[in-house]
Amino acid sequence: MVPDIGRGSRTHGLLVYLYGPGKREEHTDAHLVGSWDGFAPDPGRDTSPAADPKVTLARLTAALDLRVKQTGDRAPAKHVWHCSVRTAPGDRRLSDEEWNTVAQRILHATGIAPDGDPDGCRWIAVRHAEDHIHIVATLVRGDLRNPRLNYDFNKAQAICRRIEEERGLRRLNAGDGTAAKNPTSAEKFKAERTGRPETSRETLREAVRQAVAGADNEKEFFTRIREAGLRIKVRHAPSGDALGYNVALPGDRNRNGEPVWYPGSKLAPDLSLPKIRLRLADGTAEPTTPPAADDRADWSPPARERRSATGIAERAALLLDNDEDEAAAQLIGVGELLDAVAQTSPAATRAELGAAARAFERATRSHVRAERADTRALRSAARTIIQAGSALGRGEDGGTTAMLTSTLVLVALAAARWHAARGHAQQAHASRQTAEHLRAAYRQAAATSMRTLRDQGRALPEAERRTYEATIRTALGEEQPRTDRSTKTDALTATLAQAQQAGHDPKTLLQKAINMRELDTAEDVHDVLIWRLRRLAHLPAHPVEPPRRPKPGASQPKTSVNHNRTAPTATTRPTTSDPRWRSPRR
């Protein structure tokens with residue numbers, strides 16, 4: 001059950017809309033389900049012979065505004081309190097009597113019309129659809145005082161959660177006041193009318209969030225906004241210091257032809273200029289470090305930066321696992337890292353990674369504050385990923401995207417546990433949604449690399465493969481070999497073989513990968529271990545593919561013969577010692 005509260009100044013105009021056909025003819029059988037005294041005139045159910053709906057509506061307006069008129073100039077400028085209350089999809093249909101009770105309980109909880117108070121504000125509840133009502137109240141009491149409306153939205157939310165439980169409705173996650181403002185009905189209708197997939201508020205929120213990801217300073221942040229094609233208006237103090245900023249979409253204008261400006265604070269609580277300055281001060285991006293000596297020279301910048309970011313994301317997950325309040329700062333940094341990856345990801349994974357970044361935006365905000373916020377490593381990773389440019393969907397770029405995404409799944413699940421432990425229902429749900437989107441992106445990014453690794457695992461000599469499989473079973477505590485051959489085991493055995501060729505001890509390296517952090521939340525333990533091993537052993541994220549065997553009878557291209565090396569023939573099974581497809585030594 002979702003309450004949506006607004007304030008206005010035109011009682012008659014609101015009633016005309018509620019009793020009218022709606023903007024898309026969606027209003028049917030508009031009628032009252034309750035009122036302040038139970039006897040308010042109802043334009044939808046007036047059955048007298050001389051009934052005129054317009055006259056009845058004027059009488060209802062006059063009755064609601066009676067005390068506002070009596071107050072005169074002391075009446076509040078926005079004296080109309082409007083709250084729509086909607087049940088969730090799939091909920092049962094509530095009767096008019098039940099909706100009347102819902103309205104009364106909300107008005108009592110908010111202090112507008114407390115039970116047993118004869119001087120409570122005048123109100124009505126209009127129903128014109130199966131799944132929701134509209135509560136309209138005029139904010140002048142019978143004693144001509146204004147009601148106390150402190151935290152009316154939070155109080156309405158709290159009573160709705162209780163009503164859901166009592167009446168067997170779908171229970172929504174309780175909020176804590178840190179969520180971004182939802183688009184208004186007018187903004188939604190405008191987006192639909194102009195053919196936009198989302199409202200201007202939502203588009204601007206995502207664009208500003210991406211602009212701050214990894215930004216080094218305030219000037220760079222404003223520059224990124226302009227480069228994204230947004231209009232920006234910075235408010236300055238007499239001293240010349242920036243006080244705040246407003247953004248607008250090009251071509252988005254109001255009825256007077258003026259740009260529709262949104263302050264950063266109205267897009268999201270953490271996008272105001274003071275909050276962004278705090279973020280920049282807490283986590284000024286560290287200078288980019290040169291690649292490690294054992295990095296492949298032929299790896300592209302996007303591949304190198306994604307590999308580096310994977311280790312930083314692992315450390316963020318460990319901090320979240322410690323369940324301390326200081327980890328709150330890591331959530332902000334992880335949000336920036338997700339935004340950076342989504343902006344620069346290959347086309348095949350961009351949609352799911354973008355959805356993951358949008359979902360995690362809710363998980364970055366709560367009332368928990370870290371006293372020693374340090375997001376430099378995460379913000380630096382986000383910055384270097386953006387500077388490296390867009391990654392390709394194949395080769396090492398695609399493999400490192402899968403490597404990083406696999407780790408980010410575990411980070412999102414760690415964030416869900418961290419929030420759940422503190423009762424942050426909405427943030428925990430958003431983190432779990434993020435994990436689902438990341439899993440979908442991972443499956444797309446990892447498909448080619450995993451297929452190559454499985455082929456390489458199957459191509460190992462039988463004795464060598466059995467040795468690696470026994471190592472895996474021992475490390476994971478599996479007593480008996482599986483009766484069904486796992487394709488993921490094939491990929492893991494290939495990775496262990498390549499790690500050994502690079503000079504590592506397979507047993508020691510595998511145990512180190514297992515001990516890095518828990519594996520209970522992993523959807524597939526083998527996948528997680530593969531990417532940890534490849535990062536620890538500095539193996540290419542995308543393995544070098546073995547040469548394809550020629551089909552029987554197929555003609556072979558003529559090549560020069562190397563008399564100093566014996567190459568496998570078509571009838572000889574290639575081994576991992578064949579330098580044509582093994583992972584290069586470092």
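A residue counts as buried when its relative accessible area is under 20%, as exposed when over 50%, and as partly exposed in between. The legends below describe a predicted model.

**View 1. Helix H15 is mostly covered.** Of the 26 residues in H15, 23 are buried. The helix runs over residues 395-420.

**View 2. Three strands form an open antiparallel sheet.** The order of the strands is S6-S7-S8. Strand S6 (231-236) and strand S8 (262-263) lie at the edges, each pairing on one side only.

**View 3. Strands S7 and S8 pair in the antiparallel sense.** Strand S7 covers residues 242-248, and two bridges link S7 with S8. Asparagine 246 stands opposite proline 263, a residue of S8.

**View 4. Alanine 388 belongs to helix H14.** This helix comprises residues 376-388. The relative accessible area of alanine 388 is 21%; buried would require under 20%, so alanine 388 is partly exposed.

**View 5. Alanine 388 is in contact with residues from another part of the sequence.** With neighbours within four places in sequence left aside, the contacts of alanine 388 are Pro301, Pro302 and Glu305. Arginine 306 is 82 residues away from alanine 388 along the chain, while the C-alpha atoms of these two residues are separated by 9.5 Å.

Notes: Residues are numbered from 1 along each chain as its sequence is written. This is a predicted model: local features need pLDDT of at least 70, side-chain atom pairs count only at pLDDT 80 or more; totals for chains, interfaces and linings use all residues. Side-chain values use heavy atoms; hydrogens and water are left out. Helices (H or I, at least four residues) and strands (E, at least two) are DSSP runs, numbered from the N terminus. The expected span of a helix is 1.5 Å times one less than its number of residues. Buried means under 20% relative accessible area, exposed over 50%, partly exposed in between (1.4 Å probe, protein chains only). Two strands pair if DSSP finds at least two bridges between them. Contact means heavy atoms within 4.5 Å.
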